[in-house]
Amino acid sequence: MPATGDGRAPGATGSPGAQGGARPGHAQDRSTPEAPAHGCAPDRTPTPAKHPARPPERRADRRSDRTAKATAPIPHPRSKAAAAPTPSTGPAGSPVTAPLKLLVIEDDATDAHLLKAAVADSGAPIEIHWTRGLDQAFALLAPTSSGSRRGRSRGGDPGRSGDFSCVLLDLAAPADLPHPSDPSDGLEGLHELLRRAPHTAVVVLTDAAGAELGAAAVAAGAQDFLIKNETDGPLLARALRYAVERKRADESQRRLVEAELRGQENARLQRHLLPTPLLDGANLSFTRRYRPGRRRALLGGDFYDAVRTDDGTVHVVIGDVCGHGPDEAALGVALRIAWRTLVFAGLTGETLLTTLQHVLEHERRSDEIFATLCMLVIEPVDAGNPGAVERARLYLAGHPPPLLLGEDHTPIGLPSEHAGPALGLLPCDDGQAVWPSHIFELRRGWRLMLYTDGLIEGRIGAGSRRLGQDGLAELIGDHQAAGLTRGRLVDSAIAEVEELNGGALTDDVAVLLLERNPTQLILG
């Protein structure tokens, strides 16, 4: 979820189907080598990392220079940018261009030989395949296991059998189709070709009297048209290359439009699936961050919510459904909506958790699915007693306890001795599953950070050591000492956790930061 709120934070043969020409060149994919964990690094001048990962055992040293760190930039995740692929070169060091793989559909063998001669005269690296009609062409254009994706032919990859960069279609070639799309316009063969090979560039051939038909072919989807007896080798080579590049540009634009539309739909879905906290009148600042672990996923199995009831009590929940998939994400949304409904119905404490487990048991797809949960109930303060201290009740169901952030920059993990089992692990009808509360006081200037275990299960370096709750508390304390608050504090903490992990976290991450704010409500 983006940060919001305070924001600071060539040759040819003469028979149909024959193949000739130069072999495709192979571009070498070279990535920037990484320095090994042990031994000598590559012989190159190192560049200092902007925000190097710092092992936890050195955090004590960092506490001595907090003043210097107060002006340091917020750490960001490391990214390993791969070097651009280096094109292969020939003997003289000049780049080698991969040949264009061309399928010619021409029923006249004389015209086909003339086209091959024109290609040879042009000197362009073009690999020609010739068929007499559409039936033979469709057999070659049929997707193969190595040259297709999801059953579709992909044009523009000359290294794959059956994939052609371009098709040169003579509109005079017979189009004996069982069901022509539109036989009245003379383009029925082109229409069928575009349907069979939608991702391959197409250039059509016409005679001098068919210029208008050629223009109509371009309007119907071809990339260009050429007139026979007016086309020499260089013109043919340029037209074919242009058609291929234009097709690639059209495909890129189509994918861009699809991605934009999909992004807009995803944003609308996310707005409806993620909750809007109902905290009017609570005088709390509420910062939340949510990152699903699955790539391109809208939601993960983590969920959260916060509401204020009519009596002034603030209820907060954060939970994690085991697993990483759409079923788990849907179950998380169901639990979150059920939790809010139960709170407004007047349930709280163990009664609420017992009912929520029943919902889980009926909604989960297997008995092995469970959910951890942390619930806070912040009681209202007596307005007539200026010295009254806020109190809160904490319920843990197999979930890591929150961090209480004090003004001395020493986060304290709330006790978890009274934690009960995760929802769905043990039956609650016979009293095996109980979730007792832990009551604690909230002193002036309090801040509470609730999180899911994805934040503390990241690795530290190349070993198997995990960050853990103590490591997170120390990390948060360092960022507090640097003067970071609210959204910047949460963002910088997640960034350093990812940095220590050596990359993005694989598990879902949800983080909530609550703070008493007597002036206005802030949602970050």
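**A walk through the predicted model**

Lys-101 lies over the face of Phe-164, 5.0 Å from the ring centre.

The protein averages a pLDDT of 77, and 71% of the residues score at least 70. Confidence is highest in strand β11 (residues 371-378), at a mean of 97. It is lowest in strand β3 (residues 148-149), at 39. Two stretches call for care. Over residues 1-88 the pLDDT is below 50, although this stretch has 137 contacts in the model beyond near neighbours in sequence. Residues 144-161 also fall below 50, with 35 such contacts. Where pLDDT is low, the predicted coordinates should not be read in detail.

Is β11 enclosed or open? Eight of its eight residues are buried, so the rest of the structure largely encloses it. In a regular strand the side chains alternate between the two faces of the sheet. Both faces of β11 are covered. On one side, Ala-371, Leu-373, Met-375 and Val-377 are buried. On the other, Thr-372, Cys-374, Leu-376 and Ile-378 are buried too.

Now look at the strands that pair with β11. Strand β10 (residues 314-321) pairs with β11 in the antiparallel sense, over eight bridges. Here Val-317 stands opposite Met-375. Strand β12 (residues 390-397) also runs antiparallel to β11, joined by six bridges. Cys-374 has Leu-396 of β12 as its bridge partner.

From the strands, turn to the nonpolar cores. In soluble globular proteins, nonpolar side chains tend to be buried together. The largest nonpolar core here has 29 residues. Val-316, Phe-440, Leu-448 and Leu-450 have the most contacts inside it. Apart from this core lies another, of 25 residues, among them Leu-352, Ile-369, Met-375 and Val-377.

Beyond its neighbours within four places in sequence, Val-316 is in contact with residues including Asp-305, Trp-339, Cys-374, Leu-450 and Leu-514.

Leaving aside neighbours within four places in sequence, Phe-440 is in contact with Leu-376, Leu-414 and Leu-448, among others. Glu-390 is another of its contacts. The C-alpha atoms of Phe-440 and Glu-390 are separated by 8.7 Å, though the two residues are 50 apart along the chain.

How many aromatic pairs does a search of the whole structure find? It finds one. Tyr-290 and Tyr-304 form this pair, with 6.3 Å from centre to centre and 45 degrees between the planes, a tilted arrangement. Tyr-290 lies in strand β8 (residues 284-291) and Tyr-304 in strand β9 (residues 302-308), so the pair ties together parts that are 14 residues apart in sequence. Tyr-290 counts as buried, at 2% relative accessibility. Tyr-304 is buried as well, at 1%.

Finish with a loop. Gly-346 is found between α8 (326-344) and α9 (349-363). Is Gly-346 buried or exposed? With a relative accessible area of 58%, Gly-346 is exposed. Its C-alpha atom is 8.8 Å from that of Thr-309, a residue 37 places away along the chain.

Conventions
Residues numbered from 1 in each chain as written. Predicted model: local features only at pLDDT ≥ 70, side-chain atom pairs only at ≥ 80, totals over all residues. Heavy atoms only, no water. Phe/Tyr/Trp six-rings, centres within 6.5 Å; stacked < 30°, edge-to-face > 60°. Helix = DSSP H or I, 4+ residues; strand = E, 2+ residues; numbered from the N terminus. Buried < 20%, exposed > 50% of the residue type's maximum accessible area, 1.4 Å probe, protein only. Lys NZ or Arg CZ within 6 Å of the ring centre and 35° of its normal. Core = buried A, V, L, I, M, F, W, Y, C linked by side-chain atoms within 4.5 Å. Contact = heavy atoms within 4.5 Å. pLDDT = per-residue confidence, 0-100. Pairing = 2+ DSSP bridges.
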